[in-house]
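Please read the following briefing beside the sequence and the coordinates. The points are grouped by topic, and each term is given its cut-offs where it is first used.

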Amino acid sequence: MSTSKPEQGARSDEGGPLARLFRATEIDTRMLGMIGALLLIWIVFHLMSGDRFLTPRNLWNLSVQTSGVAIMSTGMVLIIVTRNIDLSVGSILGFVAMMMGVAQTQYLAGFLGDYGQYTWAAALVIGMIVGASVGALHGFVIAYMGVPAFIVTLGGLLVWRGAAWWVTSGQTVAPMDPTFRLMGGGPYGAIGAFWSWMVALVACLAIVAGLYFGRRNRKRFDFPLRPLWAEFTLAGVGCSLVLLAVGVANAYPWPRGIVRRHVAENGIVLAEGEQLFIAHGIAIPVLIAIGVGIVMTFIATRTRFGRYVFAMGGNPEAAELAGINTRWVTMKIFILMGILCAIAAAISTARLNASTNAQGTLDELLVIAAAVIGGTSLGGGIGTIAGAMIGAVVMQSLQSGMVLLGVDAPFQNVVVGVVLVIAVWLDGLYRKRSA
Amino acid sequence: MTVQPTVPIGGDAPDVASVVAPDVRPAKVIEMEDVSISFGGIHAVDHASLDLYHGEVVALLGHNGAGKSTLIKILSGAYRRDGGTIRVRGQEARIDNPRDAKAYGIETIYQSLALADNVDTAANLYLGRELRTWFGTLDDAAMESHAREVMGRLNPRFQRFKEPVKALSGGQRQSVAIARAILFDAKILIMDEPTAALGPQETAGVAELIKQLKRDGISIFLISHDIEDVFELADRVAVMKNGQMVGDAPVHAVTRDEVLGMIILGKCPPGATRGPGAID
């Protein structure tokens, strides 16, 4: 039985240096392929748009635009992994956004004063409760009443879009609480150069610590170890990417008008003709998305709940026979999705500085596409949070690039739709070959 | 956490049915009485009664569709019975789902194996009963370590711990399913066609394992089509036909032909205890 040899050992010496690198670092080649595709898209857009795509400004905006879809796509991974689907996330986003908008502008003023200190937090909590309740309702009907998720959420697509309209009879709600608006990004909704470098430092330390403790744990149980050079390569590449990303965010300065106001308000004296460079740094919505990504990865890979989600996707019957309460797990997944929709709704509302009843329209398509492009298999059981978030960047890059190139809006939808179908087709080909 | 179960029976572990006289037989661990279930008007199991004694191997035989898998799925909690009672160690048991059955120490190796194909061996072994660190997170390292230990005993050459079980061979998958059942101090083991996917050598391994488990005092329901296996491993045979119990008998009291007669014709031989499904 030559196939049951240990993974390390003779086999890892076969193949070229690149193959050996992948094997030693245990990097997922599929994920690498996706990152390659993303870089290709970026370079093509950069060349076609006359060097306007790969600029700090565009990349920073891209990161802010991606955050909402990226947050929702992490929940969609769990839903698709369990062989369900959620077509209603855009509508839930719209409904929750309206509820948060109305809460801030009309109801919370009575308790917390006009735009009081805690208005933003109260609005966010209300939104998350509303989102969780909507998700719980979907989950209950799907898991306990046995209606297919496709139908329940197709109904939800209409119900919650209608409900969003019904909250204010279609009126747009604005403006939002100033603190709440920080969640949407913009010059004030970013953490500046210093704190961005601090985040980068923490991230680099976390990468190194993660590799170190992972290795120590494997050693403790005598499991096969990665070669040392592979560990150093991983640490080096990881930290370089973090520093590069933060460097880009810090290379995008505040617009001149805002700098002028900042100078005037703070009484800063500038020499004649001197320009003050104030970097944006990492945008708050991006930080939120990264935080969500880390928490969701933790949930998916380190908790029982996550293990059950994947086991149910692999074989629902086996999960049931193993004593897993599959219905309750399904319901929890949809509750989680509702909460993630609420976070995305907060970002979207803060960014627009308004709630509108059309908010989040067609987001379900982007979110599902992000998850699928990111390697989530519609057959269930397979998918990663990080993959889906990169998938979200791919989708948003396509949209943003097409805007830069001046592609008409209806044609953008054509492209998004076609890309989704091609991605699923390629995914099927890849799996057939690797199986 | 051990594969060696905790209840060894006396000394050199004799063959229960042949050595112990009927009136001082060990205690009954399972008593199924008048158990029934029907699916849309079809009586898949029709007032079936069957007992299992401590440390005994009972082989359950019958045609395809005779109701034997359904009966043991009722015991393992996969199906909820329509009627009848089940007692575990003399106490009336409430078995509504697989969790309840496991709580009574009843473990099942399903014919379909019931593995989650997309996760690895350790995750399958501990599915539903994961070990956790004191943070409440999954303790994958500890689970893999135990998995290596258990699999090492069942299948010493097995090394593919990092791969999803769908990448494993039929025999390896079977080993995983068996390891899962014996990992948690099972008292009562249900094995539904445990050798169906195996080659001759692996089948012999499973037979050896059954004997070992029996020596360790585990009571086993064995569903099998292989009458030679049954006569080698079981203390008692029980035969079902059309959802009803034809009868049961100690293996030394019946011949192979008589057992075949029970399976095919529903004819109960003199050495067997008659069930409601027997014909004259």
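In chain B, residues 24 or more positions apart account for 66% of the contacts with a separation of 6 or more, two residues being in contact if their C-beta atoms, placed from the backbone, lie within 7 Å. Among contacts in chain A between residues at least 6 apart in sequence, 80% join residues at least 24 apart. The model is predicted, and local features therefore need pLDDT of at least 70 and side-chain atom pairs count only at pLDDT 80 or more, whereas totals for chains, interfaces and linings use all residues. Residues are numbered from 1 along each chain as its sequence is written, while chains are lettered from A and ligands numbered from 1 in the order in which they are written.

**Overall form of the chains**

- Chain B contains nine helices and eleven strands, whereas chain A has 17 helices and zero strands; helices (H or I, at least four residues) and strands (E, at least two) are DSSP runs, numbered from the N terminus.
- For the 280 residues of chain B, a compact globule would have a radius of gyration near 19 Å, and the value of 19 Å for the chain agrees with this; the radius is taken over C-alpha atoms, and the globule rule is 2.2 Å times the number of residues to the power 0.38.
- For the 435 residues of chain A, the corresponding expectation is near 22 Å, and the chain has 23 Å, which agrees.
- Taken along the principal axes, the C-alpha atoms of chain B fill a box of roughly 60 × 45 × 35 Å, and those of chain A fill one of roughly 75 × 65 × 45 Å.
- In chain B, 49% of the 280 residues count as buried, and in chain A 42% of the 435 residues do; a residue is buried if 20 or more other C-beta atoms lie within 10 Å of its own, exposed if 12 or fewer, and partly exposed in between, with C-beta atoms placed from the backbone.

**The sheet of chain B**

- Seven strands of chain B form an open sheet with mixed pairing, in the order E6-E7-E8-E3-E9-E10-E11, where two strands pair if DSSP finds at least two bridges between them.
- The edges of this sheet are strand E6 (106-109) and strand E11 (273-274) of chain B, each of which pairs on one side only.
- Strand E3 (residues 57-61) and strand E8 (residues 219-223) of chain B are joined by four bridges in the parallel sense, and B:Val58 stands opposite B:Phe221 in E8(B).
- Helix H7 (residues 200-215) of chain B packs on the sheet, where it touches E3, strand E7 (188-192) and E8 of chain B, and its direction makes about 155 degrees with that of E8(B); axes are lines fitted to C-alpha atoms, for helices over the stretch in contact, and angles run from 0 to 180 degrees between N-to-C directions.

**Domains of chain B**

- The domain assignment of chain B gives domain 1 (16-105 + 185-274) and domain 2 (119-184), with bounds that come from an automatic or database domain assignment.
- The centres of domain 1 and domain 2 of chain B, taken over C-alpha atoms, are separated by 27 Å.
- Ten residues of domain 1 of chain B are in contact with seven residues of domain 2 of chain B, and the largest share of the domain 1 side, three residues, comes from H7(B).

**The nonpolar core**

- The largest nonpolar core has 190 residues, and those with the most contacts inside it are A:Val96, A:Cys341, B:Leu222 and B:Val237; such a core is a set of buried Ala, Val, Leu, Ile, Met, Phe, Trp, Tyr and Cys residues joined through C-beta atoms within 7 Å.
- Helix H14 (residues 326-352) of chain A supplies the largest share of this core, 17 residues.
- Because domain 1 (16-105 + 185-274) and domain 2 (119-184) of chain B both give residues to this core, it lies between them.

**Contact between the chains**

- Between the chains, 27 residues of chain A are in contact with 25 residues of chain B.
- Helix H12 (304-314) and helix H13 (316-321) of chain A each supply at least two residues of the chain A side, and the largest share of that side, six residues, comes from H12(A).
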